[in-house]
Every structure is written in structure tokens, then in C-alpha cells.
Amino acid sequence: MDSVDAVSEIEEGWFSTMDTILIGALIAVIAWYYFRGRGDNEDVPPANIHISSSPLMRTSDRSDDSSFIGKMKRSGSKVVVFYGSQTGTAEEFAGRLAKDATRYGLKSMVADPEEFDMNDLAQLPAEIDDHLAIFCMATYGEGDPTDNAAEFYQMLIDQELDLSNLNFCVFALGNKTYEHYNATGRYVNKRLIELGAKCIHPMGEGDDDANMEDDFITWKDEMWPKVCEFFGLDATGQDINMRQYSLTELTNPDPNKTFTGEITRLKSHLPDKQRPPFDAKNPFMSRVLVNRELHKGGGRNCLHIELDITDSKIRYDAGDHVAVYSCNNPELVEGLCSMLGKDPDTVFMLTNLDEFSSKRSPFPCPCSYRTALSHYVDITSPPRTHVLKEFIQYASDEKDREQLVLMTSTTDEGRAAYQEWVVKSARTVSHVLEDLPSCRPPLDYLCELLPRLQARYYSISSSPKEHPSSVHVTAVVLQYETLTKRINKGVATNWLMARQPTQDQQYTVPIFVRKSQFRLPIKSEVPVVMIGPGTGIAPFRGFLQERDVAFKRDGSVGKMLLYFGCRQKAHDYIYQEELEQYEKSGLVTLRLAFSRDQPEKIYVQHLLAQDAALVWDLIGKQNGHLYVCGDAKNMAREVNLTIIDICRKEGDMTQQQAEDYVKTMIQKKRYSSDVWS
């Protein structure tokens, strides 16, 4: 071997070793970076908060222009309002804040965090001297961020951004009937401060169980003087009409370029245009297979609906939710068009006056007024005060104007008047205009002002183990008389009730599935206690189907104890035959509360208290799982108190120990809730 070969051989060996060391070091750095936000430190949100790997987190769909700073510079914006929204309220509030900013002479833009690189927050102070970032952050589920904010939320957890000199404020949206009230907004506010950002006004909190609108108005009315002081502006603002969109009515519209109810992509509802994956922006047109009545009397309706997902590539688990896009009542649509003097079949466009806005139109355009009011605009919820404020200029009668001025004022008298006349009386926009006959705003402006019609979510009442090609829905049809003696009807359930398939008539429904953490234990031998009165039984029907498959396969499963309640056994004991057959087979033990079949009312929490020893044996001694589904405001709260009391008495604990035990169950996913208010 000559010297050159010897040196070459030594160098090859040396670099091979170095390569190994470098690769190992690189892996270690990556591992440290990935896990550093997940340790036992205060930066991590509560353990029960789960960041869903939802199909809605579509990072790859983000536009090439992913810098919100670039858009702010091009538009001359000083204020950016981010929103995390699941039902549209936070997005609506973000738009209102952006409009308010304009009234104070501040150019602003609204931004969906899903569409931008939120790491740019660190560069915002250096790029735009006088800036303000506002965050309207909703919480849903078990303290989770909304789908469109999940990636931003995870970024805050994982990364140690330098946000010094970032000016911000937060408004959190939630519901106090849920345990993790405003968990997302609170964490965002706390984490931004920890990363060095400057909070220029204390976080606001909106409670949907009380008066979200009042909470929001109170907060923003206190915030804007602080913002104006910060920017050195006049805090009085300009009370002017701020139209965001311009109207164009088309005389000869092209039918091939006119939207007829599609959520985003033109003609996407047609069978040959359907493309997976299906989600909120691209729903699957599911055929209605079954639509039958579950109640046997009593004057109310409860639907069992089976929706076909064959060839859709949609996958679901028992406990997930299915979202349904529905339509407003045609009579309401026709009535509104007639009241405001518009042909419902006139095709129109609303175009954003801000050329830099990422939102070109408030909904898919061009479309007819009929389409807009049927598919895109929420015309049945009580209109918020900012909508009524815009109505003032269109009221010709002094009495009508005074009524609107009072209800939109920030005085205690004005807030009480709005609460009584609009909220408690459940007046829709049509009712408001009927009762203020001189007030006739342009229909296109109404379409701009009112919020988007949102998808309705239902707990899936089936298991893919038994029904792999369909999802089942169990829903009570909403209908009630208001204080003004009008009959209000729920949008989605009444629309679904009318979609009864026959041999000659088939119906399709736009749907997508949202993943949930409401899951059976992985091991089928783990006992479960299920509490689900009324339609709260929906996910437990799926659980029973899933365990039944395992029961027939293995011969045994963990004990299943189901608490179900309704008003009267003869009228609204839904799925009676199925449940009794499951009990007969030995799969489940039923505990039934028929609240109105005896002089004293009996609810599921009363049966739980009667069964204290059995319940404690399952959840305390056998480490079983407990599930609650249904009304959050009353039932779920009473059940929670009952479970704490059972733990205290049967587990020989103090009150504090019992409360801590239940909290630990929740954190370890042994106590799960799927509730609504």
C-alpha cells in the first residue's frame, strides 16, 4: 500500500465516523425541538386539550402569498384581526373589529390563521412600526381550538418565538356551561405575554350562555379608547356607513358561472365533480337512505336518518360528529324578498371594496337572491346590535328610528331593550322588519350584514364496525312559539324532516365528518357508564353497536351501563326495541328515567345517585370510563355534581378529594363529555 492510499483510507474512515456523529446530533436537536413544548412546564396548555389531526388542517392548501405582513404593507394596514372560528361568530366579530378600526382612521385587515404563516408574528414589529394584532379566539369541544386555529395554537405550544414589541389584544369566545370555558383564548393571551408580546388591553371574554353580544360590545367599547391613545388618534371615531361590498346585478348571467348553493367550488355538488377529501370547504353530497320518525306520539318529532357514504373515502369512528349543510325555509326567503321589493331570481354579485382583502365576496358569487338567502345567509338567528345600528338610516318613521337607536345604544336601558325585544322574543330579521314597517334596508346590504349560515353538527349514532358505508343521525325537530306568538322552526332539522326518500324521489345532503375524542376504551373489557337522555343517546348507540361486534366475536366485553331518559315511555322512548334486545343479549344494563310518567319527576342523575355503589365499583374500583352526552346547561352539570358526590361517599373522600378525583378522570380521558347548550 502506498502512502496516498493509506491517507485516503484513513480519511474515508474519519469522515464516516464524523457523518455518524453529525447525523446523531441532528436527530437529537430535532427531537429536543419537537418535544421541548411538551414537557411538564407552564407553557403547555391543560393536559385534556387535544390538538386534532383534523382533515380541516390543510397546510398544503395555503396560498403562495402566505405572508400577512406583505398584505398589510400593500394595503397600508396597521391592524390585523385574526380569528379562530368554528360556527362563524368569531369570524363575524373579527370583521366588526376591522370595520371599527376604519372608523377610527386605522386601515385594517381580517386574517384566517390557517391561510398564513403565523411565524411572521415575530417580524411584525420590525416590519410595521405602529401595528396591532387582535385575536378573536373561540373554544369548542373539550377546550380545543377551532379547526382553522389548531395549527397556530400548536405553533404557540411548540415554538419559543421572540414576540417582544408585538402589540396585541385578545377576545375569547366560549360558553360557561362547559368546563374549559374560553380555554383557547386564555391560553393564546397567556402564551403571547410569555413570549414577550405587549397586551395593550386586558383580554375580553364572551359567554354564549349569557349574552355574548353584550360581552363583546362592552369589551370593544373599552378597548378602542386604549387603542386610539396608543396610536395617538381621536377616540370619538366617525359614525359613518361603512359598506364593505359593492353591488352588481347581472342582466344576462351565465348559468355555468352562477352559484346555486355550492360551499366553495362551482358545480362541486354535481356527481361527476365530487372530489375527495371531503371537509367543511368541500362537503360530500350524501344520499338519504333512511328518514324515519322515532317518536310514537306526544306532538314532537325525532328523526333517525341514514346517510350514504359509499365510495366517498370518508372514514368515521363511533363518537365522531357529522356536519350537515342545510337550507332556510323557502317561505321565509320569499317573504324577505317580497318585503324588500326584490325578485328572488335576480342574479347579483357583492365585490369587496378593499382590493387587498383575501375575502372577495361574503359568500360564493354570482348567485341569485334566492340562493343567497337559502344557502348562504343566516336569516333565522336574532340580528346582533351592529346590524340594527345599520338599519337606523333606513327607518323613515321617527318611532321606528327611536326604537333602533335605543336598542343599539350602550346604556343599560338600551342593552335591556335589545335583550327583551330581540333576544328573549326570538325575533329574526324578518320579524324585526315586520314590526318596524318603515325600516326597509336594501336586500343586498342585508346579505352583507347578516352572518353566514353555518353547518349543523350531530353526534353520529352508528358504528363503522356495523355500518361502514353509512352514518346515522338522531335529531329532535326544533319548533317553538315565541313571546310574539310566532312559530320559529330549526333550520336544519325541519329541512331534513322534509327529505323523505321514496322510490320516485331521492335526496342528497351536503355533509362532512369531524373527528372527536369521544371514544370507547381501546380494550373492550374495560367497563363503561353512559349517560345520555333524549338524543344524547346518539353516540351510545354507536358504542353499543361497536361493543356488540366484539361481544359476538369474543363472547364477552366489559360491563356496559346505560342511563337513558325521556319524558314518557309511550311517546319518546327512542330505539326501545334495539336497546331492549341489547339488554336481553347481556350486552348492556339499562337504567331508564321517564320524567313525566309519575307525579314526581325522575331524571338520569337521580338514578345515578340510587346506583351509587354500582357506579363507584365501575369507575372507582375497576377504573371504568364514564361518558355524558346531551344538555350542558342542566343535565351535564347535575350529572357532574352527582358523580362527585358518589366519589365522596362511596370512595370515602373529602369534598376536595372527590372533586380532584373527577378532574383526574377527565384529564385521563376516563370522563368524557359530548354536550351542547
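Tyr603 sits in a loop, between strand β21 (589-594) and helix α19 (604-610). Helices (H or I, at least four residues) and strands (E, at least two) are DSSP runs, numbered from the N terminus. The model is predicted: local features need pLDDT of at least 70, side-chain atom pairs count only at pLDDT 80 or more, and totals for chains, interfaces and linings use all residues. Residues are numbered from 1 along each chain as its sequence is written, and side-chain values use heavy atoms, leaving out hydrogens and water.

Set aside its neighbours within four places in sequence, and Tyr603 is in contact (heavy atoms within 4.5 Å) with Ala593 and Ser595.

The UniProt annotation "binding site", from an unreviewed entry, covers Tyr603 and other residues, including Arg300, Thr535, Ser595 and Glu638. UniProt positions are given in the numbering used here, feature names are shortened, and annotations may be inferred rather than shown by experiment. Glu638 lies in helix α21 (residues 632-650). Glu638 is partly exposed, with a relative accessible area of 36%.

Now turn to helix α6 (residues 183-194). Its 12 residues reach 16 Å from first C-alpha to last, close to the 16 Å expected at 1.5 Å a residue. That expected span is 1.5 Å times one less than the number of residues. The buried residues of α6 include Ala183, Tyr187, Val188 and Leu192. What covers the buried residues of α6? Among the covering elements are β3 (132-140), α5 (150-158) and β5 (167-174). After α6 comes Gly196, whose phi is positive, near 100°.

Next, a pair of helices. α11 (residues 398-407) and α12 (residues 412-424) pack at an angle of about 110°, with their axes 7 Å apart. Axes are lines fitted to C-alpha atoms, for helices over the stretch in contact, and angles run from 0 to 180 degrees between N-to-C directions. The two helices α11 and α12 are therefore roughly perpendicular; angles of 65 to 115 degrees count as such, under 35 as roughly parallel, over 145 as roughly antiparallel and the rest as oblique. Gln403, Leu406 and Met407 in α11 meet residues of α12, among them Tyr418 and Trp421.

How many disulfides does a search of the whole structure find? The search finds zero. A disulfide is a pair of cysteine sulfur atoms within 2.5 Å. The sulfur of Cys447 is 7.5 Å from the closest cysteine sulfur, in Cys367, too far for a bond. Cys447 is buried, with a relative accessible area of 1%.

Note on methods:
Buried < 20%, exposed > 50% of the residue type's maximum accessible area, 1.4 Å probe, protein only.
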